Amino acid sequence: MKLLARTDLPGILKDWARDCTVICPAVTPQGDIIFDGFNEATFTLDYGKPTLSPKSLFLPHSEVIFELVDGQYKEIKPTEKVIIFGIRSCDMTGLVQSGSFMTRDNNDPYYQARIDNVITIVMACTGPQNETCFCTTTRSGPVSAGGFDLQFYDLGENLLVETGSERGAELLSAPVFSDIDDNEASGLISAFWHKASDAIPQVNNIRDAMAELTAGTDCSKVWEKLGNKCIICGGCAFVCPTCTCFNVYDQAKDQTNGVRVKAWDACLYNGFTLEASCHNPRPTQASRLQRRHEHKLLYFNNTDVDGGLCGCVGCGRCSDFCPVHIGTLEVAQAIVESHLNKSGGKDD
Ligand code: SF4
Ligand code: SF4
């Protein structure tokens, strides 16, 4: 493990940016936090939850995967070397989970190429970034359990650096990184973890809603009510670090020229599951919302997050951004309230 003086960080990012693209938290003129190319004028370490997770750096909103030029086929695979600094632990867990989904059965070569070319650096959280954070409930924070190349801990004047991979270790050769005894570092990390975890409340509704769904409780009235409210904007899926729905379509210029494009899609859209026969296995918004939230709170695969709880990593962004308040926190609350009403003999 290594220590770095906080004031030396911009210089290190600048050094790294000589050999590859460095993406890090930046403040926009409007005050939003985004992941952007390193720029000393906009870089900040004083940031909370970035508005969007870094998933678009692995699964872009839209990318050309091959082109046809005068009848000649040319595959386009990403080759750019990138370092992403400042990923929050919930988002790192989201990347591990999405990466597992995109590569474990039929390997997506475009996603895999980015995994191969991107170095991930986590900045562990000192506490909740806003009132919708619930990573301690989903066991995806405040400190990342794995998948990263480096993890930084903010100790005030100094940053403690944990190594997660060989390529991460190779970044720490500059003399500004000083050694720290492993036992001392482990003690600092343990104290950091306890303090930060204690500051992020457990959300019982999430656990209780998972238990209801696992028990097969009939939640059809909840889905119907929420389905009637949803305005089908897709925002919850687009901000979610574990949503990976995409579509592939062709844009032809003429018979021998064109491109094939891969672009974000969302299971909340009617067209996503519409089959060529016009049959739709998810014909209503209620059924589509049910499907999405079952993916977050019911189904999970042990290969996705070792020992993880569910397909939601507790970032809270869907609750931050849904214009009609159908984020996972609100869905969990609706499921729990519906069950309580039923147990109390009330009709929901
Ligand atoms: S479902 Fe919502 S809270 Fe969970 S990971 Fe996705 S955006 Fe974050
Ligand atoms: S953000 Fe809200 S309104 Fe938009 S699709 Fe998701 S649940 Fe529906």
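A salt bridge here is a side-chain nitrogen of Lys or Arg within 4 Å of a carboxyl oxygen of Asp or Glu. This is a predicted model: local features need pLDDT of at least 70, side-chain atom pairs count only at pLDDT 80 or more, and totals for chains, interfaces and linings use all residues. Residues are numbered from 1 along each chain as its sequence is written, chains are lettered from A and ligands numbered from 1 in the order in which they are written, and side-chain values use heavy atoms, with hydrogens and water left out.

**View 1. Salt bridge between D154 and R6.** The structure holds 12 salt bridges. In this one, the side chains of D154 and R6 meet at 2.7 Å, N to O. The pair links distant parts of the chain, 148 residues apart. D154 sits in strand 8 (residues 150-154). R6 sits in the loop between strand 1 (2-5) and helix 1 (9-16). Helices (H or I, at least four residues) and strands (E, at least two) are DSSP runs, numbered from the N terminus. D154 has 21% relative accessibility, so it counts as partly exposed. R6, at 30%, also counts as partly exposed. Buried means under 20% relative accessible area, exposed over 50%, and partly exposed in between (1.4 Å probe, protein chains only).

**View 2. Salt bridge between E63 and R114.** The closest N and O atoms of E63 and R114 are 2.8 Å apart. E63 lies in strand 4 (residues 62-69) and R114 in helix 3 (residues 109-117), so the pair ties together parts 51 residues apart in sequence. E63 counts as buried because its relative accessibility is 8%. R114 counts as buried at 15%. A network of salt bridges links E63, D108, R114 and K262.

**View 3. Salt bridge between E67 and K74.** Here the closest N and O atoms are 4.0 Å apart. E67 is partly exposed, at 22% relative accessibility. K74 is partly exposed, at 48%.

View 4. Leaving aside neighbours within four places in sequence, L289 is in contact (heavy atoms within 4.5 Å) with W223, L226, G227, C230, L268 and I326.

**View 5. Residues around ligand 1.**

Definitions and conventions:
Near = heavy atom within 4 Å.
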